[in-house]
Amino acid sequence: GLDPCVVGSWKSVGVSGTVTSADGSLHIPLSGGAGQQAVIRPDGTATLTYDGSDPEKGNGSDGATYTITNAGQFAGKLRTSGNQATLDVTDAGNATQTISKNGTVLQKSDPQAEQVSTYTCKSRSTFAVTTFGITVNWVPA
């Protein structure tokens, strides 16, 4: 199934939240991330475009500055149930995510094959998706 509220063209207005390392020792509150674009069709097919979006940045509890830069475009199939959204990536396209610490690249990766998030959507006017403690806030494009 697909919640009809999420269908449409969306643009991100920014991210909020704190990402935590796997061992719980590092916490990074993030901001930025405006300018991402998403198109979600009634059949659940979706396209996400990161080109031109702002990087996500934050100062970690270790004192370092972290930057997450998303680039490119990818496609997937979205389904929703309750407040959970699952995006199965059908075409990774040229999308990449680069994580840097104090300007040095730590990791560069393609989109995960399956992305499970929680979400809220109100009257097709706001859409918020939370994954790993980070919320991306969307408004109609």
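Student: How many salt bridges does a search of the whole structure find?

Tutor: The search finds three salt bridges. Please bear in mind that this is a predicted model.

Student: How should I read a salt bridge, and which residue forms one with Asp 62?

Tutor: The general idea is a side-chain nitrogen of Lys or Arg within 4 Å of a carboxyl oxygen of Asp or Glu. In this structure, Lys 101 is the partner of Asp 62, and their closest N and O atoms are 3.7 Å apart.

Student: Are Asp 62 and Lys 101 buried, partly exposed or exposed?

Tutor: A residue is buried under 20% relative accessible area and exposed over 50%, with partly exposed in between. Asp 62 has 41% relative accessibility, so Asp 62 counts as partly exposed. Lys 101, with a relative accessible area of 31%, is also partly exposed.

Student: Which side chains does Arg 79 meet in salt bridges?

Tutor: The side chain of Arg 79 meets that of Asp 88 at 2.3 Å, N to O. Arg 79 also meets the side chain of Glu 114, at 3.7 Å, N to O. This second pair links distant parts of the chain: Arg 79 is in strand 8 (residues 73–81) and Glu 114 is in strand 12 (residues 114–122), 35 residues apart. Through shared partners, the salt bridges join Arg 79, Asp 88 and Glu 114 into one network.

Student: Let us turn to pockets. How much space lies in the largest pocket, and which residues lie nearest its centre?

Tutor: The largest pocket holds about 1,200 Å³ of space. Its lining comprises 41 residues, and those nearest the centre are Asn 70, Gln 97, Gln 115, Thr 131 and Phe 132.

Student: How do the residues of the lining divide into nonpolar, polar and charged?

Tutor: In the lining of the largest pocket, 26 residues are nonpolar, 13 are polar and two are charged.

Technical notes
Residues numbered from 1 in each chain as written. Predicted model: local features only at pLDDT ≥ 70, side-chain atom pairs only at ≥ 80, totals over all residues. Heavy atoms only, no water. Buried < 20%, exposed > 50% of the residue type's maximum accessible area, 1.4 Å probe, protein only. Helix = DSSP H or I, 4+ residues; strand = E, 2+ residues; numbered from the N terminus. 1 Å grid on protein atoms, 1.4 Å probe; cavity = no way out; pocket = protein on both sides within 12 Å on 5 of 7 lines; lining within 4 Å. Points joined across faces, edges and corners; volume = space filled by probe spheres on them. Nonpolar A, V, L, I, M, F, W, Y, C, P; charged D, E, K, R; others polar.
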